[in-house]
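Here are some notes to read alongside the structure. Each point takes up one place in the chain; please find it in the model before moving on.

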Amino acid sequence: MTADTATDVFEAHRPVLLGVAYRMLGRLADAEDVVQEAWLRWSGADRSGVREPRGYLVRITTRVAIDRLRQIRSRGETYVGPWLPEPCVTDFGDVVADTEERAVLADSVSLAVLVVLESLSPLERAVFVLREAFGYPYAEIAAMLERGEAAVRQLAGRARRHVDERRPRYEVDPAQRRDLTERFLAAATEGDLDGLMALLAPDVRLVGDSGGKARAPLRVVVTSDKVARFLLGAAHKGVPDVSFHFLELNGGPALLVLSGSEPDCVFQLDVADGRIQSVYLIRNPDKLRSLAALG
């Protein structure tokens with residue numbers, strides 16, 4: 001395999017590798033670092049015996065991501081306020097035409113699922129991502145992780161039970177979520193308390209992620225009255241030179257709030273039974289940098 005061919009092969013698989021790394025880490029910068037490390041290992045390896053480059057590259061990426069996740073956790077850094085994943089622009093478009101496959105990919109990268117995955121061990125997270133998001137057989141996952149197949153099945157079962165127990169059940173209809181997001185924006189910007197309350201489930205949760213670097217609740221806000229009043233208070237204070245941009249983030253519709261050309265925050269909603277069940281608010285500027293080009 002020539003150097004040019006090796007580069008072409010790697011670039012062809014880069015989206016999958018980035019998808020694995022992001023689901024493992026929940027951070028785009030870390031995911032990109034992992035993929036870069038995978039490239040260095042791929043370019044310097046003896047590739048003469050590699051029959052399935054995709055599996056080989058996914059194995060490298062997964063192992064590097066596990067190491068990176070362990071390093072992050074060993075540092076024991078304390079995050080200020082609730083933690084949410086860095087928002088990731090997703091547009092499966094023509095790449096994933098099958099509705100069922102698209103739904104699986106969207107669910108595996110959703111904010112709600114990635115938050116739950118943070119509580120898994122690195123190995124459990126790797127097995128869950130490879131099995132649930134990318135459909136790898138247990139035998140292949142076992143080979144990638146150098147574990148027995150029985151052990152991998154146990155890890156997968158434990159991870160699946162954990163995710164099922166903690167993940168809220170929401171509807172994934174993008175049209176309904178987009179409609180409620182637009183109505184949510186209209187009610188908040190118009191100061192319509194009754195209209196906003198009508199959109200919110202009684203036990204709605206607002207999770208704000210600022211990392212202590214911007215104004216956002218340092219605790220989860222619960223109940224429709226408290227969430228609505230917080231949102232209207234924030235809207236009343238306003239954002240200079242504000243504009244709004246709808247886009248797809250983490251497999252679903254989201255609202256990007258811009259101040260001039262700079263991202264100020266991101267809102268994303270989880271919906272069930274026609275009502276908003278969760279409001280995710282991301283204001284940590286470090287997590288909005290990748291969206292600056294959209295301003």
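1. Glutamate 146 is exposed, as its relative accessible area is 61%. This residue belongs to the loop between H7 and H8. Keep in mind that the model is a predicted one.

2. The backbone of glutamate 146 deserves a look: its phi is near 55°, a positive value in a residue other than glycine. Most residues other than glycine have a negative phi.

3. A positive phi also turns up at asparagine 250, where the value is near 50°. Asparagine 250 sits in the loop between strand E3 (242-249) and strand E4 (252-259). Is this residue buried or exposed? Asparagine 250 is buried, with a relative accessible area of 3%; the cut-off for buried is under 20%.

4. Two packed helices are described by the angle between their axes and the distance between the axes. For helix H7 (residues 138-145) and helix H8 (residues 149-166), the axes come within 9 Å and cross at roughly 105°. H7 is therefore roughly perpendicular to H8, since angles of 65 to 115 degrees count as such.

5. Which residues make the contact between H7 and H8? From H7 come Tyr138, Ala139, Ile141 and Ala142, and they meet Glu149, Val152, Arg153 and Ala156 of H8. Sorted by class, this contact has 6 nonpolar residues, 2 charged ones and no polar ones.

6. Phenylalanine 10 is buried, at a relative accessible area of 0%, whereas tryptophan 39 is partly exposed, at 22%.

7. Helix H2 also holds aspartate 33. Aspartate 33 is partly exposed, with a relative accessible area of 40%. The C-alpha atoms of aspartate 33 and valine 64 are separated by 9.5 Å, and these residues are 31 residues apart along the chain.

Key
Residues numbered from 1 in each chain as written. Predicted model: local features only at pLDDT ≥ 70, side-chain atom pairs only at ≥ 80, totals over all residues. Heavy atoms only, no water. Buried < 20%, exposed > 50% of the residue type's maximum accessible area, 1.4 Å probe, protein only. Helix = DSSP H or I, 4+ residues; strand = E, 2+ residues; numbered from the N terminus. Axes fitted to C-alpha atoms, helices over the stretch in contact; angles between N-to-C directions. Parallel < 35°, antiparallel > 145°, perpendicular 65-115°, else oblique. Contact = heavy atoms within 4.5 Å. Nonpolar A, V, L, I, M, F, W, Y, C, P; charged D, E, K, R; others polar.
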